[in-house]
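Have the model open and follow along.

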Amino acid sequence: MRGRRGRSYVPWHEDAEREGRGMSEPTHDGGGERTRGREGTRAAPEGRGAAEPRGGPDALRGGRQDAGPPGAPGAPGAGSGAGAPGAGEAAAVRAATGTLLYDFALSRVTGAFVRLGIPDALAGTALPADRLAHATGTHEPSLRRLLRAATALGLLTVRPGGHYELTLLGELFHDDPRLRRLSELYGEPAVWRAYGALEDAVRDGGSAFRHAHGTGLFSALETDGPLAARFTGAMGTVTAAQTEQVVSGFDFGGIGHLVDVGGGDGTLLAALLRAYPRLRGTLLERPAALAAAPRVLRAAGVADRCALLEGDFLAAVPVGGGGPADACLLKNILHNFGDDDCVRVLRACRAALRPGGRVLVPALVLPEAGGGAGTQPDAETAVALSDVEMMVLTAGRERTLAEYRALFARAGLALPPGAPPALPGLSHHSMLEGTDGTEHGTREARDGAAVRR
């Protein structure tokens, strides 16, 4: 989900296979699969403590049947109806209730583990609780309680003498910037308070973030520096994770001048400029996000082919000295806004285009009602949670293809008939190609699409 003048915020649930520009299409394997893929659970080398708990990665995903405190639904002793008809199915259903009720606590433990700097303090070493409390500036008795939980979740192991050490899973939250930054953001109190207002948003159709804080997320980012830094960092990791799929999944070869609208630090645009040496780019962003763009563009060796512009794309989409654009790119932008604002953005992009130009929208497209058959359950969950996250954090939502067609039509743009080209590796994601709604513009877009495919 990128901001009004900033980057998309994609939640971890969004396409972990995935991932991408804004926080739900980070690749979020939760660390668990990758840990198992490397070694499973590693046995303790000679002279070290017990092997890592096998339940750790599964616990993070809420998959254990004993999720939740004793006596709670799904916990041992809660009663599974064994011996009754369909007992196995009933037990599995009851076990799932632990995940639904208590996974928020696992996320909070993990977020505190990262935000307190425990992975940093233990990088390449092992420390007792008193030294770890000193290193992290925490209350030692309370820290010991958090460490016990982190050990139970497989993030830590305890060596002889009470020295805590990162497990392979714990190391990911030090070594993998994506997981680290997403953990920092999802552990942010402002985000959690917004999720706490979900019921209010469902009751009146507003934004849960506004209910919780009295202002919208993107207004808060303008005044809350720490929140903005965590948000921008998390969105950057998502963008980096989705960049390869966007660059390789769609042919940008016919475009001479591309305006990346709300393109953050330029990660995606830099990748496109590298892949297409004849392409010129313009990056339109809010000042805070734009500040990091020169470094990103220089590192990619494409700074000489990219103009940087500050602006508010809800008001206008300037194109700088490059003249009208061949295409405007809106990555993880529209799902942050209500319909009227989406139309304003699309109209601003249309005004920046040369005749026959295109508005390109890589987007998560909701399946039509009853259209999700054959899709993996995890992907369906990711789609649903991404839509809920838009309700929590923004005034926007995910949309079906029919709903996108209606928005584009209101803005004087047309989408080609039929299904839009899918972006391989990003579940339910397609590249929407809007052109001027005139007969000329639509025919040119269809011809161009036919050549590319």
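At what angle do the axes of helix α7 and helix α8 cross? The axes of α7 (residues 168-175) and α8 (residues 177-186) cross at roughly 85° and come within 5 Å; axes are lines fitted to C-alpha atoms, for helices over the stretch in contact, with angles from 0 to 180 degrees between N-to-C directions. The two helices are therefore roughly perpendicular, a label for angles of 65 to 115 degrees. Helices here are DSSP runs (H or I, at least four residues), as strands are (E, at least two), numbered from the N terminus.

This is a predicted model, in which local features need pLDDT of at least 70 and side-chain atom pairs count only at pLDDT 80 or more, while totals for chains, interfaces and linings use all residues. Residues are numbered from 1 along each chain as its sequence is written, and side-chain values use heavy atoms, without hydrogens and water.

Where α7 and α8 meet, Leu172, Phe173, His174 and Asp175 of α7 touch Pro177, Leu179, Arg180 and Ser183 of α8 (contact means heavy atoms within 4.5 Å).

Now to the rings. The structure has five aromatic pairs, meaning rings of Phe, Tyr and Trp (its six-membered ring) with centres within 6.5 Å; planes under 30 degrees apart are stacked, over 60 edge-to-face and the rest tilted. Phe218 and Phe231 have ring centres 6.4 Å apart and planes at 80°, so this pair is edge-to-face. Because Phe218 sits in α12 (residues 217-223) and Phe231 in α13 (residues 225-249), the pair ties together parts 13 residues apart in sequence.

Phe313 and Phe337 also form an edge-to-face pair, with 6.1 Å between centres and 90° between planes. Ring pairs join Phe218, Phe231, Phe313 and Phe337 into a cluster.

Notes
Angles under 35 degrees count as roughly parallel, over 145 as roughly antiparallel, 65 to 115 as roughly perpendicular and the rest as oblique.
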